[in-house]
Structure formats: C-alpha cells, structure tokens
Amino acid sequence: NFHEVAYFADDRQDLLNGINEFLDCSIVIPPSDVEGKDLLKTVASFQKQMLRKRKERELKKCGSIVTGAEQETKGDVSTDEQEEEDQFDVDPLKRSGIPFGGLIHDIRRRYPRYISDLKDAMDTQCIAAVIFIYFAALSPTITFG
C-alpha cells in the first residue's frame with residue numbers, strides 16, 4: 001500500500017501522509033525467544049484492537065455521529081482501557097502550570113511499564129546491541145580524538 005501511495009504522490013504532503021499511515025499500521029516487536037508464527041498470532045489481534053481504537057478516536061475528533069454498532073463495541077471496552085485512552089489523548093506539549101509538570105505526568109503514565117522495560121533491556125540481544133553501539137561510537141572518538 002505504501003508503495004502505491006509513494007508512487008502516485010503528487011507533492012510532499014501526500015508522501016508524508018502515506019508515511020504516517022504506514023507507521024500507524026506498524027508495530028515494532030522487541031527481540032524475544034518466541035518463534036515468529038506464534039508471536040505474529042498474538043501481535044495480529046493486538047494490532048487489530050489498536051487500529052480499531054485509533055479509528056474510533058479519529059471519528060470522535062471529526063465529530064462524527066456514533067452509530068449503534070460502534071456504541072455496542074464501546075460498551076465492551078473496560079474502564080481500564082478507557083482510562084488508558086484518556087491518558088494518550090492528553091497533549092504532551094500542553095503546559096501543566098507547575099514546575100516539571102510534564103516530566104511528572106510522563107513518569108506517572110509510564111510507571112506501570114518500568115519493570116517490563118528493564119526486563120526487556122536485560123535480553124541478550126539488547127545487551128549485545130548496546131555493547132556494539134558503544135564501541136561503534138567509541139572507535140571514531142579514539143581515532144580522531
């Protein structure tokens with residue numbers, strides 16, 4: 001789809017819209033020990049849910065009238081998921097009015113995921129990538145420093 005959009009793009013904005021649409025439909029999968037097919041089965045359902053939520057948010061923003069079928073799907077969404085959506089709807093560039101308010105809000109939003117982030121960082125593939133990047137950045141510094 002992106003190839004067609006890029007091929008038929010008339011100007012820069014069309015190309016940027018195509019890139020944004022492609023990135024919206026993409027999910028980055030962290031390195032893991034799970035086989036590809038098993039991982040894709042779990043990610044596919046998650047991606048469908050995310051795309052459905054994004055489309056619902058876009059419809060809300062456009063001020064469209066919600067049909068009966070969409071109201072039924074909204075009734076199935078739990079309060080935790082609604083709170084998560086509300087957190088993502090907050091504009092990160094909006095001033096909070098207190099010193100370091102944006103940093104505090106970001107830490108509160110990300111706090112439940114810190115343990116997962118640390119566990120993912122201890123994966124052998126991640127550690128190998130960090131070591132490689134460290135020495136890749138260090139060698140030109142030694143050479144030309």
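Q: Where does F100 lie, and why is F100 called exposed?
A: In this predicted model, F100 lies in the loop between α5 (79-89) and α6 (101-110). Its relative accessibility is 65%, and since exposed means over 50%, F100 counts as exposed. The phi of F100 is near 60°, a positive value in a residue other than glycine.

Q: Why does I98 count as exposed?
A: I98, placed in the loop between α5 and α6, has a relative accessibility of 52%; the label requires a value over 50%, and therefore I98 counts as exposed.

Q: Which residues make the nonpolar surface patch?
A: The patch, of about 740 Å², is made by I98, F100, L103, I104, I107, Y111 and Y114, and α6 gives the most to it, with three residues.

Q: What makes the contact between E56 and R52 a salt bridge?
A: The side chains of E56 and R52 meet at 3.3 Å, N to O, and the limit is within 4 Å, so the pair qualifies as a salt bridge. Both residues lie in helix α3 (residues 36-62), four residues apart, about one turn of the helix.

Q: Why is E56 called buried, and why is R52 called partly exposed?
A: E56 has a relative accessible area of 11%, and buried means under 20%, so E56 is buried. R52, at 33%, falls between the cut-offs of 20% and 50%, and therefore counts as partly exposed.

Conventions
Residues are numbered from 1 along each chain as its sequence is written. This is a predicted model: local features need pLDDT of at least 70, side-chain atom pairs count only at pLDDT 80 or more; totals for chains, interfaces and linings use all residues. Side-chain values use heavy atoms; hydrogens and water are left out. Helices (H or I, at least four residues) and strands (E, at least two) are DSSP runs, numbered from the N terminus. Buried means under 20% relative accessible area, exposed over 50%, partly exposed in between (1.4 Å probe, protein chains only). Patches are made of residues with over 30% relative accessible area and no salt bridge: like charges are joined within 9 Å, nonpolar side chains (Val, Leu, Ile, Met, Phe, Trp, Tyr) within 5 Å. Accessible areas come from the Shrake-Rupley method with a 1.4 Å probe; for residues, only the protein chains shown count as cover.
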